[in-house]
Amino acid sequence: MIPLSLSNRIGRIYTALFVLAAGVVFHNPSLLAQEIGTDEALNGDAQAVKKSYDALHEKYSKKLESMSNDDFKNKFFLEIMEDVSSGDDRIQELEQLGDAAGLVIAYNAQAKLIEQFLEMIETSDSLGSRRHGVLAELDRLEKDGASRHEETQNRYSALRKVFADIESSTIKEGDFELAQEQLEELSLRCSLLQSDIDRLFELQWRAAQEAFRVASDSMDTELLAVRKLRPSFSAAQSLHQRVKKRYRIVPLLKAAQADERDKNHAQAISLYESILELDPMTEEAQGKVQEIEALASEQIIKESLREALELITDGKPNMALVPAKRALKLSQVYGFDVTSAQSLVDRAKRDDRSEKVRFGTQQIRIALDNKDWGNVITVADSVLNIQPGDHFASTAREKAVEQRRQIASMVEVIAQGNFHLDKASQEMDRPLVEYVVNLLDESRAKYPDAVDENFVVLEKRSKELLASFDSTIDVEFVSNRRTEIELRGYGKLGKFSRKTVALKPGKYKARCTQKGYRDRLIEIEIRPGENREPILLEAGKKF
């Protein structure tokens, strides 16, 4: 048999699969025999071999349907499938000839080929599982930073290359036994590299943790190195977010630990509380407040009361609340007299309220001077929340609310005025202009504090427009000396060839009459400040 080219083989195999998908077994000897009526011609031995072969061929056909695309690219599989296809052709010829002895030989040969094929497919499936396992190991190495660490990146690249070579040569050539051995060896090398990268990562992580603990200058660099190796490592991400705070926390920790050793319990607690406020996850400060409180509650109460009193005396009642409340809490927990602590808490709250009211009052005065009515209302509300009924804050708020109402009203007045003036200019409506002038005069008297630049501009515009209605404009008329002209709203102009008349802005009608011609009525509109071209006045059409 002369082997076909690889492309021809693939073409025949895919043709076979197409027929299989349509429900017909390609080159199935039993079907062919039924079609040509040769079953009766076969002797008993051939019939038995044929029956066994039919069952094996059915397994072969089903396996072709379930094979992956990678299997169809395998050179060894392609050759066997081509041999099976050629053998089916031979069986068809022998059935047509009725050669029972030849059929037995052909069936047996085909059976060996198919059994070899099925065995290799099974081996290939096992090899595929092993291949996927090694690929998963390589992917894990990539995830764990083997390609990003200078001590492992070359080894990792080499392992990737070995894997690619196994796929492109050994597996593709069908040498599955050798491929299994190579993948086993590659898996072992992956395990060794995994151990090394884990060790290197652990060393880097310890260095970063130590740098973080002491807040060294290399803290940020060490953590960046960890995150470069394993970007998704959540512990490093969390630690990195706390770097800036750590530089502030370490000096406070040292001071707190020193106070704790010297039995300055109140100061130590205050420092630990500040540390936990900056970073609640600080391990060195966890549980320290409760621990110190339990060891020296009475001394802490005394120190806290003294600290609170000093802060109140220094005019810092808000800061005094912290030690005062601490003293009150400990007194309640450990059964001490709470009178002094409660008194200091009440005093600190009272002084704190007074200080906030004083500061708020000062801010209200500044806002009033700047006519910042919105800020006046905001600050006044905060003062009234602290001290309900405060006369100054209430009065200032009422004034600010009224001023904002006036401003809103004035804004509406300005918008209305501009609208009416625009309309009056277009329609030559003097009464509308007079209405706007009166509206602005009334608004100025009613909302004097709300007068702004826009209002002043509108006032000027309205007065100028009103004045323009009282001023005359020289208008030139042209006629033919034979037409009698009467200008309604002004008087008779008579006959003329050219005449200039001083007219106030407004709408006029010129009646033009001439013997032998129809009368004509011409509407004329004179706008304030307008410089018009000469107007032609003539009678209508000739009778």
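**Reading the rings**

A: This is a predicted model. Phe 201 counts as buried, at 4% relative accessibility, the cut-off for buried being under 20%.

Q: How is a pair of aromatic rings described?
A: By the distance of the centres and the angle of the planes. Rings count as paired if their centres lie within 6.5 Å, and planes over 60 degrees apart make the pair edge-to-face. By this rule, there are two aromatic pairs here. One joins Phe 201 and Phe 233: the centres lie 5.0 Å apart and the planes are at 85°, so the pair is edge-to-face.

Q: Which parts of the chain does the pair of Phe 201 and Phe 233 tie together?
A: Phe 201 belongs to helix α8, residues 176-214. Phe 233 sits in the loop between α9 (219-229) and α10 (234-241). The pair therefore ties together parts that are 32 residues apart in sequence.

Q: What about the pair of Trp 205 and Phe 233?
A: Trp 205 and Phe 233 are also edge-to-face, with 5.1 Å centre to centre and 90° between the planes. Trp 205 is in helix α8 and Phe 233 in the loop between α9 and α10, so this pair links distant parts of the chain, 28 residues apart. Trp 205 has 10% relative accessibility and counts as buried.

**Charges over rings**

Q: Where does the charged end of Arg 230 sit?
A: Over the ring of Phe 201, 4.1 Å from the ring centre.

**Helix packing**

Q: How are two packed helices described?
A: By the angle between their axes and the distance between the axes. Take helix α17, residues 373-386, and helix α18, residues 391-427. Their axes come within 9 Å and cross at roughly 150°. Angles over 145 degrees count as roughly antiparallel, so α17 and α18 are roughly antiparallel to each other. Their crossing is left-handed.

Q: Which residues meet where α17 and α18 pack?
A: From α17, the residues include Trp 373, Val 376, Ile 377, Ala 380 and Leu 384. From α18, they include Ala 393, Ala 396, Arg 397, Ala 400, Arg 404 and Ile 407.

**Backbone and burial**

Q: What is phi of Lys 263, and where is this residue?
A: Phi of Lys 263 is near 65°, a positive value in a residue other than glycine. Lys 263 is placed in the loop between α11 (243-261) and α12 (265-278). With 53% relative accessibility, Lys 263 counts as exposed. Lys 371 also has positive phi, near 55°. Lys 371 lies in the loop between α16 (339-369) and α17.

Q: Is Glu 459 buried or exposed?
A: Buried, with a relative accessible area of 9%. Glu 459 is in helix α20, residues 453-470. Leaving aside neighbours within four places in sequence, Glu 459 is in contact with Leu 440, Asp 441 and Arg 444.

Terms used
Residues numbered from 1 in each chain as written. Predicted model: local features only at pLDDT ≥ 70, side-chain atom pairs only at ≥ 80, totals over all residues. Heavy atoms only, no water. Phe/Tyr/Trp six-rings, centres within 6.5 Å; stacked < 30°, edge-to-face > 60°. Helix = DSSP H or I, 4+ residues; strand = E, 2+ residues; numbered from the N terminus. Buried < 20%, exposed > 50% of the residue type's maximum accessible area, 1.4 Å probe, protein only. Lys NZ or Arg CZ within 6 Å of the ring centre and 35° of its normal. Axes fitted to C-alpha atoms, helices over the stretch in contact; angles between N-to-C directions. Parallel < 35°, antiparallel > 145°, perpendicular 65-115°, else oblique. Left-handed = near helix turned anticlockwise from the far one by under 90°. Contact = heavy atoms within 4.5 Å.
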